[in-house]
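Trainee: Please go through this structure with me, beginning with a single residue and then moving on to the larger arrangement.

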Amino acid sequence: MKLYQDILSIPISIGGKSVILTSDIVSEIDPVEVRKVSDLSTMVMPESRRHHAIWAWDNDISALHDEYKGVPVYGLVQTVINSGLVDEDIGLQLIKLTDNSGLYLIVQDGKVIEADLYSGNHLPIDESIGLSFHDALSIEFEVDELRLPKQEIESILDKSKKAEKVRRKQWVYRGIAVSLIATIAYGVDFFLENVFNEKISTYEAKKSDHDAIVERLHEAEARRLLNWPDNGVALARLMQLASVDPTILINDISLDEKTYSATVQNIDPDNIYKWATTKRNQDGSWTVNWKE
Amino acid sequence: MMNLKNIPSINEELKITLFVVAVAIGFSVYTVINRIDDRITPADYDQIETMSIAKQKMLNDTLKTNELPPLWNSWSVLKNVAELYNVKLTIHENTAQKQYEGPAASWHAALTGKPKDVFASLIAIQKAAPVHANVVRAVEGNALATISLLGVEQ
């Protein structure tokens, strides 16, 4: 029977790489909650098709990291599962560290649902699930059969350092992105502002030309008129109405407005005033309206 | 106590980055558009050149005309025409009523008489002198026309 105590917690070589294997735990829920302890657990791998979540004790990982700086740490169960050494059909399997202690693995439907340390040839589980120590299969392998998982175990400190690094990096990216966006926006705005200013200065030059011309026109119009005022048409019509009715009633008409209205007692029966609209009033008079 | 759940994942950090970028883009676009809206082109921007050309032509045409006759000379003409039509010509400085407000020097006056005579005289006056007709009125056989005689001062 092979015992694996001597490959645990010291640097060994797997696939030409110096690594440390440590005992790990497979559990559906955080082992801290199972054991009600104040230690910290770190998740090694999330649940997958082949196993429930894999955990390790943070203190163990930190101690190994402190003792063997730069040597990656992997879980023994994690590595054994990854190497395909677990028999999918046998419910209880053991990785023996010494004659009476080691790691047990419980397999259900081809999935490792629980794994942890045992000692004194006694499982820290309820025997009523129908698994007995005598039926257990001992997993045996050579170190060079092992294939390392992709993800080494990181302590909470490692994870937090890593996360901090990611966070810092992201803040740098954010800074760069925001500066870039602000610069582009400023550039676009600067360009638009220049286009607008150019437009306005062109307009102002034209406007001042225009104002100078208007000023000169006003000066000229103080002494000259292009056309003398002529209200001949309107006055001739008023005269026509006044000839028929000398008592014509005209409320103030401003001749500039070109809208006319008069009230007469008689209208010329031979002249229907095509240029006007006429309306008969209750008192017999006529209201004549027209526009020019 | 440090907990794994409090360590933000890369995805969460990326989400924050995308959010920050989105906010920056939104704010930039909003600001640029707002500033575009604030830049108001004068209402007559498109017409100012055409207006200048039209005014210049008016100016050229106006400068080609003769100078207006002196006010006093025209005033004598007005008196003669009014007399001819049996209409009374009086000085009339009623600023409450509408009257000529142009740039030329003007004397304000009123013509009173029978409606037909007032209208006829005003037609004749406008042919004889530069006269702006302001307001006409007729009540019970009496008519009034206010006028502004235009000319140059002597």
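Trainee: Is A:Ser9 buried, exposed or partly exposed, and why?
Mentor: A:Ser9 is partly exposed because 18 other C-beta atoms lie within 10 Å. By the cut-offs, a residue with 20 or more other C-beta atoms within 10 Å of its own is buried, one with 12 or fewer is exposed, and one in between is partly exposed, with C-beta atoms placed from the backbone. As this is a predicted model, local features need pLDDT of at least 70 and side-chain atom pairs count only at pLDDT 80 or more, whereas totals for chains, interfaces and linings use all residues. Residues are numbered from 1 along each chain as its sequence is written, and chains are lettered from A and ligands numbered from 1 in the order in which they are written.

Trainee: Where does A:Ser9 sit, and what is its phi?
Mentor: A:Ser9 belongs to the segment before strand 1 (11-14) of chain A. Its phi is near 65°, a positive value in a residue other than glycine. Helices (H or I, at least four residues) and strands (E, at least two) are DSSP runs numbered from the N terminus.

Trainee: And B:Asn86, buried or exposed?
Mentor: B:Asn86 is exposed, because 12 other C-beta atoms lie within 10 Å. Phi of B:Asn86 is also positive, near 65°, and the residue lies in the loop between helix 3 (71-84) and strand 1 (88-91) of chain B.

Trainee: Changing topic: how many helices and strands does chain A have?
Mentor: Chain A has 5 helices and 14 strands. Of its 292 residues, 26% are buried.

Trainee: What about the span of helix 4 of chain A?
Mentor: Helix 4 (residues 156-221) has 66 residues and at 1.5 Å a residue should span 98 Å; its end C-alpha atoms are 93 Å apart, which agrees. The expected span is 1.5 Å times one less than the number of residues.

Trainee: Which residues of that helix are buried?
Mentor: The buried residues of helix 4 of chain A are A:Ile181, A:His210 and A:Ala220.

Trainee: Which strands make up the sheet of 3 strands in chain A?
Mentor: This open sheet has the order 12-14-13, with antiparallel pairing; two strands pair if DSSP finds at least two bridges between them. Strand 12 (259-264) and strand 13 (277-280) stand at the edges with a single partner strand each, so one side of each has no neighbour in the sheet.

Trainee: How many bridges join strand 12 and strand 14 of chain A?
Mentor: These strands pair over 6 bridges in the antiparallel sense, strand 14 covering residues 286-291. A:Ala262 has A:Val288 as its bridge partner in strand 14. Helix 5 (residues 232-244) of chain A lies across strand 12 and strand 14, at about 5° to strand 12; axes are lines fitted to C-alpha atoms, for helices over the stretch in contact, and angles run from 0 to 180 degrees between N-to-C directions.

Trainee: What is the order of the sheet of 5 strands?
Mentor: The order of that open, antiparallel sheet is 11(A)-3(B)-4(B)-2(B)-1(B). Its edge strands are strand 11 of chain A and strand 1 of chain B, each pairing on one side only. Neighbouring strands are turned by 20° against each other on average, direction ignored.

Trainee: How many bridges join the two chains there?
Mentor: Strand 11 (residues 250-254) of chain A and strand 3 of chain B run antiparallel and are joined by 3 bridges. A:Ile250 stands opposite B:Ala138.

Trainee: How many residues does each chain bring to the contact?
Mentor: Chain B brings 61 residues and chain A 59 residues, where two residues are in contact if their C-beta atoms, placed from the backbone, lie within 7 Å. On the side of chain B that touches chain A, helix 1 of chain B gives the most, with 13 residues.

Trainee: Finally, which residues touch the most other members of the largest nonpolar core?
Mentor: B:Leu111, B:Leu122 and B:Ala145 do, in a core of 45 residues. A nonpolar core is a set of buried Ala, Val, Leu, Ile, Met, Phe, Trp, Tyr and Cys residues joined through C-beta atoms within 7 Å. Both chains supply elements with at least two core residues, including strand 11 of chain A and strand 3 of chain B. A second, separate core of 36 residues includes A:Val26, A:Trp55, A:Val77 and A:Leu97.
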